[in-house]
Amino acid sequence: MRISGKGLVSHNRTVNFSFNGKDYMGLEGDTLASALLANDVHLVGRSFKYHRPRGILTAGSEEPNALVSTGKGAARDPNIRATQQELFEGLAAQSQNCWPSVERDVMAVNDLAAPFLGAGFYYKTFMWPAPLWEKLYEPIIRRAAGLGALSGAANKDPYEKAFAFCDLLVIGSGPAGLMAALTAGRAGTDVILAEDDSRMGGRLLAEVEEIDGKPAHVWVAEGLAELEAMDNVRLMPRTAVTGVYDQGTYSALERVSHHLPPSQSLKTAHRPRECFWRVAAKASVLAAGAIERPIAFRNNDRPGIMMAGAVRAYLNRWGVAPGARITVFANNDDAHRTARDLVAEGVHVTAVIDSRHDAPDSGEFPVIKGAMICDSAGRQRLESVTIRSVNGEEKLQTDCLAVSGGWNPSVHLTCHMGARPEWNRELAAFLPKPDAVPGMVVAGAANGVFSTHGALQDGAQAAVTALAGMGTSVDAPPLPVASDAPYRISPLWAVPGKGRAWLDFQNDVTVKDVAQAARENFRSVEHMKRYTTQGMATDQGKNSNVAALAVLADATGRSIAETGVTTFRPPFVPTSIAAMGAGAEDQGFKPQRYLTSHKASLQRGAANIEVGLWYRASYFAKDGESTWRQSCDREVTMVRKAVGVCDVSTLGKIDIQGPDAAQLLDLAYTNLFSTLKLGRVRYGLMLREDGFVMDDGTTARLGENHYVMTTTTAAAGQVMAHLEYLTQVVRPDLDVRFTSVTDQWAQFSVAGPKARDLIDALVDEDVNGETFPFMACGAITVSGVAGRLFRISFSGEHAYEIAVPARYGDALYRLLLERADPFGGGPYGMEALNVLRIEKGFITHAEINGTVTAFDLGMQGLVSKKKSCWGKALSERDGLMDDDRMRLVGLKPVGAMQVLSAGAHLFDPDATVERVNDLGYVTSVGFSPTLGHMIGLAMLSGGPDRMGDTIRLVDHTRGIDTLCEVVNPVFFDPEGGRVRG
Amino acid sequence: MRITCPLCGARDRREFTYKGAALPVPALEAGVAEWDAHVHLRDNPAGPLEELWQHDMGCGAWLKVTRNTATHEMLGVALAQDAGLAIKEGQP
Ligand SMILES: [Zn+2]
């Protein structure tokens, strides 16, 4: 029921919305929850396990009951808290966890089966036999788990993530937070004030009180105006700080456009739905306030039973009375304000039921002292409560019960780095452990300071303390005048009696469940939590955990301090994966690396393949070729018979210079490089410190103290970091400098019997066997551009790699193809390159897979005996040179099934196919048009000693079981005549 | 977590890559036992630990970071090249 003119909503601006398909009207400034209550809608959802009717319990992000879905199709957002969802024109929300409707929910039969669904139900029911898990138990649990459902389609709504930096992060904008922000802002420090709510002010928006002689919300507005005018202060409403991390790092979730119609938020304004922030702050003030806790009693979960502070908030902020005959049930003075404020607005208050015998009297409403509410009635809405006092039990007609069991300071963020909160008997609450988070000062209600005066003072002092910690000295400002009412409470967690009394409303955990857990010896609070699922729902038990552990303490005969709390972990509020993963969906921010030959390749019909971040030509389809194999076969044959051109610029290139460059190479490589002559190239192998192979490649000596190293495409970054390690940590005395030039040079392989003719005609210099023998390198000029020529080969053919500055890459590639055409040559791609190298037994990271040694690869000869090198000591460990190790061999198919497959495992033909008989695995395969059959490389136990043996090849994933022959890994031209010719 | 690179200033830990404990590097000629101890047999203290990180998404510097593994408190950051971990001069 709306009270005309009351609250901070715009009474003359109506907003149309729908709930469960029915149209309603609210006001600008409403949340979905306040608008529903204004329309007298209390039944908003069903509980998780028993499907009990549930209403709105709170007015904040801690809400366990009023979860709804908004949006349609792929953009559907489940588990939106109605207490936080701001109303906008056309908002359509639906209840969850009910079918066919929230009023008539079929699964409500669970409530009748409650005796069988108690604590540990999942553990006891879904026991062995194991095979039933996949078929029966898991589907049942999955269907039951979670309240709202995603659409299953990819969400196209935009989400963002961002970084922010500040001197002081103030979390919460109630009296303590506002005062802290004002104090720090006036001192000129960079301040971020983050507030979970859409409107700043915290409890000051929900209370009737005065600050400096003005209504509290007016004082808030003036303070915010002052902060807004400061360039050094950033106000972040709708932003929940969700986590605290090391060195002053905080995570926060900003709900950027949940409060706007989709048409405004996404399309026109280009606003994301949410933004996930990482905030780096020198210090922080936690002024997150406190969360009111219910009192457990029989049937305390009916719609219409709400928190006393929430009833006050709906009344004072939104001008809504959640009932016509309201009763208050409390154990503390604070809740009496609810009755006072209701009476002031002419709402009938039946009574305040206070469990304390010394509760204060009132002239405005009846106070029943030393009494408790022990039951309630009403099917889908509260109709009456039962009062138990010294006079016995008595029924009271009421349509709304405002409950308060006291307030729990929001200490969650103080626990994210491992600290545990400390029990305070006087306040009957956990308070933050001092200095729980380096650089964080806790203030106000979060610190157990509940009066407005106290919060203002504590907030100002927190800012002074936080600023002092970063070396800024400020005086505490003069404090505005505000109420300093004491907080008087006498603990009451659960009203004794029969029946089910709820603790965790969302997960349906009752007092009985916790007591049963204790009886079954789940006495640790962490065990109780998992056994009963207390606090494990989307609200994480924000208003129920403390009562649950108090009940556990009682059941186990311990004190609350001894019982302790469960661990609070991030995130403080549910955080969508879409926000945390923003920028990673689809291509996202992933870089795309294109070769200089990219455009020309596409014009030649290239199909691209992703190699790490690179896009490389896989094969070049010619007219009449319908499969990649046809193109690949043609390209391999072209290289073997004429000449092929391939862009190899993706290989890592590291330019190394300095008097000690050769020493660095000798340290990094297994073989000698200090003997490499000027104008020559050498193949080298690098080991990790544990003796296994890290990478291979070639290094060319271009000058007296100038080398250029190539790495594999896959390990370019790793090798660069390794060289930095060797020169900065292992040998900082070496006088050497190096830098990655991978992107600076375009480099093309020109391979085949016609390669020399092509290159000789192309470059200004004479290129012949004298000037450029195998493994020679040197400077050349091509069309007036200074470049480099390397006579190296990854195909076994007479081949060159020609490099020019990257800006000439496109031109050179086109020129090379133009020159290749008359020879019957052309471009070749990664598929052909792979077949060519397998034909020669050359390795890639398919073979260098982190488990192989130089010995395994048949390259022990490359580990120089004349010098030490990185990794050599551990490469010589016992067992790493064992003949039975899996070692490199070639494979060719025999028998009917002429097929090999990479990833297949190898067995003796007469052995059973099981792990103990596994002899190795296939690393690379391809069809060799040169040989007319498939060829493969494999790591085979005792491989080189099995030449000529027949081996069984089994690939379960592809359904292949065949025989092959172990052969020399160099299939083609084993003497190497072609490459030198 | 944030690490203060001596060259670049305080940066998010995503800019850094972890290697392991910062230990003096044995001579290349040292035996298998010494290298085995260096690579595999390391202390795992709950408390201050000197470790190597590279600012690979920044300046590329290798850093010796002193960190309390129990609290994640950063106790110091220095360039690894000045940390005295190197193989002693004269050894190839
Ligand atoms: Zn740096």
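**Working chat: chains A and B**

Q: Hi! Which backbone nitrogen lies 3.0 Å from a polar atom of the side chain of S251(A)?
A: It is the backbone nitrogen of G243(A), 3.0 Å from a polar atom of the S251(A) side chain.

Q: Before we go on, what kind of model is this?
A: This is a predicted model, so local features need pLDDT of at least 70 and side-chain atom pairs count only at pLDDT 80 or more, while totals for chains, interfaces and linings use all residues; side-chain values use heavy atoms, with hydrogens and water left out. Residues are numbered from 1 along each chain as its sequence is written, and chains are lettered from A and ligands numbered from 1 in the order in which they are written.

Q: Good. With which side chain does the side chain of S251(A) make a polar contact?
A: With the side chain of T242(A), at 2.7 Å. A polar contact is a pair of N or O atoms within 3.5 Å; within protein, one must be able to donate a hydrogen and the other to accept it, and residues adjacent in sequence count only if both atoms are side-chain atoms.

Q: And where is the place of S251(A) in chain A?
A: S251(A) is in strand β14, residues 249–255 of chain A. Strands (E, at least two residues) and helices (H or I, at least four) are DSSP runs, numbered from the N terminus.

Q: Why does S251(A) count as buried?
A: Because its relative accessibility is 4%. Buried means under 20% relative accessible area, exposed over 50%, and partly exposed in between (1.4 Å probe, protein chains only).

Q: What else does S251(A) touch?
A: Leaving out residues up to four places away in sequence, S251(A) touches A240(A), V241(A), T242(A), G243(A), Y245(A), F276(A) and W277(A). Contact here means heavy atoms within 4.5 Å.

Q: Another serine, then: where does S410(A) lie?
A: S410(A) sits in the loop between β25 (407–409) and β26 (422–424) of chain A. S410(A) counts as buried because its relative accessibility is 4%. Beyond its neighbours within four places in sequence, S410(A) is in contact with L286(A), A288(A), G289(A), A290(A), I291(A) and A446(A).

Q: Switching to charges. How many salt bridges does a search of the whole structure find?
A: Over all chains, 58. The rule asks for a side-chain nitrogen of Lys or Arg within 4 Å of a carboxyl oxygen of Asp or Glu.

Q: Where do E345(A) and K6(A) lie in the chain?
A: The side chains of E345(A) and K6(A) meet in a salt bridge, 3.2 Å from N to O. This pair links distant parts of the chain, 339 residues apart: E345(A) is in the loop between α8 (336–344) and β19 (348–354), and K6(A) is in the segment before β1 (10–19), in chain A.

Q: Is K6(A) buried or exposed?
A: K6(A) counts as buried, at 14% relative accessibility, while E345(A) is partly exposed, with a relative accessible area of 31%.

Q: What about R420(A) and E526(A)?
A: Their side chains form a salt bridge at 4.0 Å, N to O. R420(A) is in the loop between β25 and β26, and E526(A) is in helix α11 (residues 525–532) of chain A, 106 residues apart.

Q: Over to the interface. How many residues does the contact take from chain B and chain A?
A: It takes 33 residues from chain B and 27 residues from chain A. The area buried between them is about 2600 Å², with carbon and sulfur atoms giving 61%; buried area is the accessible area (1.4 Å probe) that two parts lose on being put together, summed over both.

Q: Which three residues supply more than any other three of the area that chain B buries against chain A?
A: R2(B), L28(B) and W62(B), with 23% of that area.

Q: How many salt bridges are there between chain B and chain A?
A: The count is 1. The side chains of E689(A) and K19(B) meet in a salt bridge, 3.8 Å from N to O. There are also 9 residue pairs in polar contact across the interface of chain B and chain A, both residues at pLDDT 80 or more.

Q: And which element gives the largest share of the side of chain B that touches chain A?
A: α1(B), with 6 residues.

Q: Last one: what pattern does chain B follow along the sequence?
A: The pattern is β-β-β-α-β-β-β, with 1 helix and 6 strands. Of the 92 residues of chain B, 43% count as buried.
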